Amino acid sequence: MRKLWSVVLLGLSLAVAGCSGGNSNTGNGSPASSSPAGSATQSEASPSPQASGAEPQELVVIGQEINASLDPVKPLTSSYLRNIGAGEALFKVNAGGEVEPSLAESATEVDPTTWEIKLRPEVRFWSGKAVNADAVIASLERSKSLDLQAQPFLNDLTITKLDDYTLQVRTNREHLPVPLNLSYYQTIIHNDEASHEDVATMDLTGMYKVTEFAPKQKMVLAINEDYWGRKPTIPTVVFEEISDEQTRVLSALSGRSHVTLNVPVSSLTQFKDNKEVYLSAAPAASTQTIYLNLSQPQLQDVRVRQALSWGADRDELVILAAEGQSTPVTTWLGSNPAYAAAKNAVYSQFDADKAAGLLDEAGWLKESDGIRYKDGKPLTVRLMTWGGDKALGEALQSQWTRIGVKAEVQHGDYSLIETARESGDWDASIEAWSTFGEEYAVLSGQYSSDGGANYGGYKDEETSRLLEELKKAGDPQSRHDLALQINERVAQQAPVISLFPRPQVTAVSGSLQGFEEHFRQFENVVNANLTLTAQ
Amino acid sequence: MKRRLNSKNPASLIIGLVVLAILAIAILGAPLLAPYDPVAQNAAERLEKPSEKHWLGTDRFGRDILSRTLHGGQTTLLSSLLALCAALAIGLLVGMAAGMFHGSALDHILMRIIDVLLAFPFMVFAMVIAGLFGTGLVHLLLAVVSVWWVSFARLTRSVVLHAKNETSYAAAKVLGASNLAIMRKELLPKAISPVLILATFELGTLILSIAALSFLGLGAQPPAPEWGSMLADGRAHFFQAPHILIGPAAFIVATVLAFNLIGEGLRDRLDPYEKLEL
């Protein structure tokens with residue numbers, strides 16, 4: 001009965017989604033197969049993906065968003081390409097958090113500021129071009145110059161060629177974990193001479209080649225027959241965007257998809273007792289964070305920013321917006337287990353009185369309508385949310401209204417946030433960046449004045465000084481301590497407000513074997529071990 | 001040919017009016033009748049089933065669904081009425097002008113605009129407006145009005161064309177009445193009845209459309225209650241707490257049904273072509 005409901009609702013939801021034009025496949029259609037991407041009626045007839053008994057041919061992965069471009073230097077594109085097995089970096093981080101070689105064969109720290117990286121001579125781009133030292137350097141240089149988000153990982157590295165398959169990496173500071181820096185998706189290796197505007201001309205190294213692409217709709221991939229490593233067995237991978245969270249859930253429940261990313265926590269009960277789909281909830285080291293635009297007059301006063309942080313009841317937010325599937329953190333690094341001490345720093349507990357006091361002190365006084373005013377102007381904060389964060393926005397809106405802030409929530413596509421940031425017309429937005437990685441790279445990316453994720457224009461002398469110290473620090477303990485100091489300083493200055501680690505729930509079909517739970521699931525779904533069985 | 005009083009059963013009109021009156025009292029009296037603040041969150045009472053305390057239960061934020069439904073009705077109904085009035089005014093004006101100057105360049109231009117708007121999917125048009133100007137109730141109404149006047153304009157034009165064949169129109173012309181005076185005194189009264197009947201039917205459709213667009217996130221923004229957005233928010237908890245959907249869904253159905261019944265009743269009573277018996 002539940003399945004029937006799921007199928008009916010899936011049909012209805014797809015019809016609604018179809019109205020928005022968001023998910024209709026305008027491509028040339030996927031290769032013929034015993035496809036799980038069939039109609040609702042097919043799903044009803046065959047309860048699980050590819051239940052026809054024929055050899056399963058197609059892995060269907062559903063994400064909340066997929067790429068709008070094929071060029072790895074465009075924002076987030078490389079994460080989707082890596083996720084689906086099309087792109088690779090020199091190194092990768094395994095599910096245990098350890099860095100291991102990928103396109104690189106090995107890495108050796110020659111001295112505190114020099115590394116040698118050996119490349120695999122057998123690696124080729126899809127076009128057949130060798131992935132040698134020249135190609136790798138050109139790729140990384142292109143990422144460095146065109147992708148702001150790659151810069152924190154590459155800016156401190158000077159890469160030169162020792163021989164055709166050996167790189168020398170000189171670092172600006174001692175003991176920089178170069179392999180970790182070169183494991184981020186922003187550093188995936190691509191042919192810099194190729195045009196990455198089109199499926200026919202793009203050139204990467206992954207085990208799957210892109211064969212069809214409809215921006216923000218669908219990507220179809222086929223096995224790269226010349227892959228250097230272990231070849232996958234599933235011939236085709238389909239990566240589709242379903243932005244509506246309930247439609248994603250129904251896609252998983254109906255058996256339409258094998259891997260469904262970003263399952264909303266509000267839907268967990270729907271998977272209870274389901275024997276055909278299981279949930280993977282690997283802890284994610286990324287903090288749900290409110291980024292504040294410090295160029296807005298009302299947010300230039302640190303007391304207002306601190307008041308917003310004191311006025312956020314994180315325990316309640318976890319219940320209302322994350323269905324209790326997380327724990328509050330008050331500072332950004334708090335979501336990283338290595339920095340457990342940062343979890344409750346600075347804003348030890350929700351304190352509406354303290355928030356009110358700070359706003360009074362800043363001259364924002366409450367009037368009869370419950371809103372605070374200064375010089376006749378109300379204290380407003382327009383919070384932009386996207387994806388599954390609408391509920392979080394609404395919960396925050398209510399909490400901030402209680403302390404006299406006229407909070408508005410604007411929920412929509414991520415592109416609206418990007419456009420608003422470009423024009424400077426925004427007050428606050430919610431995002432979750434990974435806190436895992438080399439301390440300087442992750443912290444400078446967020447809080448140095450030219451950091452790629454420093455959206456609000458935070459500029460603080462003390463933070464910059466501490467970042468410089470961190471950059472020079474050699475031994476792990478002092479790096480750890482400095483990272484904690486920076487984290488605390490930032491929390492005090494409150495250019496961002498940290499809330500809780502973002503819950504990361506993935507629905508996986510029981511017919512899929514070899515799926516690897518990963519703390520960065522959104523970029524680590526497809527691997528060569530995946531196999532499909534007819535259920 | 002003789003005229004007779006309409007003998008059809010007035011039950012539909014009466015039922016429609018009674019249902020509408022009950023809804024109107026409930027919705028307009030929301031500030032007095034709603035037991036709770038519709039936007040007040042209470043984490044301790046989230047997703048509660050219907051009970052004596054919360055007749056329709058609570059949503060994921062612990063907000064009382066009955067209170068939100070009643071207040072949400074104000075948003076939905078008032079915005080629908082506002083959009084209808086604006087569309088009606090534009091439609092009457094354009095239809096009268098096109099009919100009055102039938103065959104002229106103005107008529108051709110207006111009719112081609114109407115053809116284009118009729119050919120364009122309304123939902124897509126609303127999304128384009130939202131994409132250009134942002135989401136929100138005002139922009140949603142702008143999108144609705146931009147398209148909705150078309151049916152009124154077409155009907156008005158056809159009524160005007162029909163009326164121009166009548167002797168009263170010819171008499172007014174012969175007596176030297178100005179175009180404006182003819183439109184105001186001769187044509188407008190004839191167009192009003194059929195257009196009002198159409199408006200009653202259209203109001204039901206309009207309520208559904210506004211709810212649908214709010215369902216897609218293009219209408220009222222949080223925390224404002226609105227029936228469509230309440231349905232959208234409730235979907236995520238459908239299996240866990242299906243009661244969330246009952247309030248807004250029932251009110252939408254009842255309201256649309258009421259307007260359709262009233263429309264039927266009015267058509268039976270007012271439509272001149274329905275009254276004619278050959």
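The legends below describe several close-up views of a predicted model.

**View 1. Chain A as a whole.**
Chain A contains 15 helices and 23 strands. Of its 535 residues, 53% are buried.

**View 2**
Strands of a sheet pair through backbone hydrogen bonds, either parallel or antiparallel. With strand β10 of chain A (residues 236–241), β1(A) pairs in the parallel sense over 6 bridges. Within this pairing, A:Val60 has A:Val238 as its bridge partner. With strand β11 of chain A (residues 259–260), β1(A) also pairs in the parallel sense, over 2 bridges. Here A:Val61 has A:Val259 as its bridge partner.

**View 2. The surroundings of A:Glu88.**
A:Glu88 is found in the loop of chain A between α3 (77–83) and β2 (91–93). Is this residue, A:Glu88, buried or exposed? A residue is called buried if 20 or more other C-beta atoms lie within 10 Å of its own. A:Glu88 has 26 C-beta neighbours inside 10 Å and therefore counts as buried. Not counting residues up to four places away in sequence, A:Glu88 touches A:Ser102, A:Leu103, A:Ile188, A:Ile189, A:Thr205 and A:Gly206. A:Tyr185 stands 97 residues away from A:Glu88 along the chain, and the C-alpha atoms of these two residues are separated by 7.6 Å.

In soluble globular proteins, nonpolar side chains tend to be buried together. The largest nonpolar core of this model has 140 residues, of which A:Ile84, A:Leu119, A:Val237 and A:Leu317 touch the most other members. Helix α9 of chain A (residues 314–322) gives the most to this core, with 6 residues. Another core, of 56 residues, lies apart from it and includes B:Leu92, B:Ile114, B:Ala211 and B:Leu218. Which residues are in contact with A:Ile84, leaving aside its neighbours within four places in sequence? They are A:Val61, A:Tyr208, A:Met219, A:Leu221, A:Val237, A:Phe239, A:Val525 and A:Val526.

**View 3. An open sheet of three strands in chain A.**
The 3 strands of this open sheet follow the order β14-β15-β16, and their pairing is antiparallel. The edge strands are β14 (365–366) and β16 (377–378), each of which pairs on one side only. Strand β15(A), residues 372–374, pairs with β14(A) in the antiparallel sense over 2 bridges. In this pairing, A:Lys366 has A:Arg372 as its bridge partner.

**View 4. An open sheet of five strands in chain A.**
This open sheet has 5 strands in the order β18-β17-β19-β13-β20, with mixed pairing. Strands β18 and β20 (496–501) stand at the edges with a single partner strand each, so one side of each is left without a neighbour in the sheet. On average, neighbouring strands are turned by 30° against each other, direction ignored. Strand β17(A), residues 380–385, pairs with strand β19(A), residues 428–434, in the parallel sense over 2 bridges. The bridge partner of A:Met384 in β19(A) is A:Ser429.

**View 5. Two helices of chain B.**
Two packed helices are described by the angle between their axes and the distance between the axes. The axes of α3(B), residues 65–100, and α8(B), residues 179–215, come within 8 Å and cross at roughly 145°. The crossing of α3(B) and α8(B) is right-handed. The contact between α3(B) and α8(B) has 17 nonpolar, 4 polar and 1 charged residues.

**View 6. The contact between chain A and chain B.**
Where the chains meet, 23 residues of chain A are in contact with 19 residues of chain B. On the side of chain A that touches chain B, at least two residues each come from α7 (245–253), α9, α11 (390–402) and β18 (406–411). Helix α11(A) gives the most to this side, with 6 residues. By class, the residues on this side of chain A divide into 7 nonpolar, 12 polar and 4 charged.

Definitions and conventions
Residues are numbered from 1 along each chain as its sequence is written. Chains are lettered from A and ligands numbered from 1 in the order in which they are written. This is a predicted model: local features need pLDDT of at least 70, side-chain atom pairs count only at pLDDT 80 or more; totals for chains, interfaces and linings use all residues. Two strands pair if DSSP finds at least two bridges between them. Helices (H or I, at least four residues) and strands (E, at least two) are DSSP runs, numbered from the N terminus. Axes are lines fitted to C-alpha atoms, for helices over the stretch in contact, and angles run from 0 to 180 degrees between N-to-C directions. A crossing is left-handed if the near helix is turned anticlockwise from the far one by less than a right angle, and right-handed if clockwise. Ala, Val, Leu, Ile, Met, Phe, Trp, Tyr, Cys and Pro count as nonpolar, Asp, Glu, Lys and Arg as charged, and the others, Gly among them, as polar. A residue is buried if 20 or more other C-beta atoms lie within 10 Å of its own, exposed if 12 or fewer, and partly exposed in between; C-beta atoms are placed from the backbone. A nonpolar core is a set of buried Ala, Val, Leu, Ile, Met, Phe, Trp, Tyr and Cys residues joined through C-beta atoms within 7 Å. Two residues are in contact if their C-beta atoms, placed from the backbone, lie within 7 Å.
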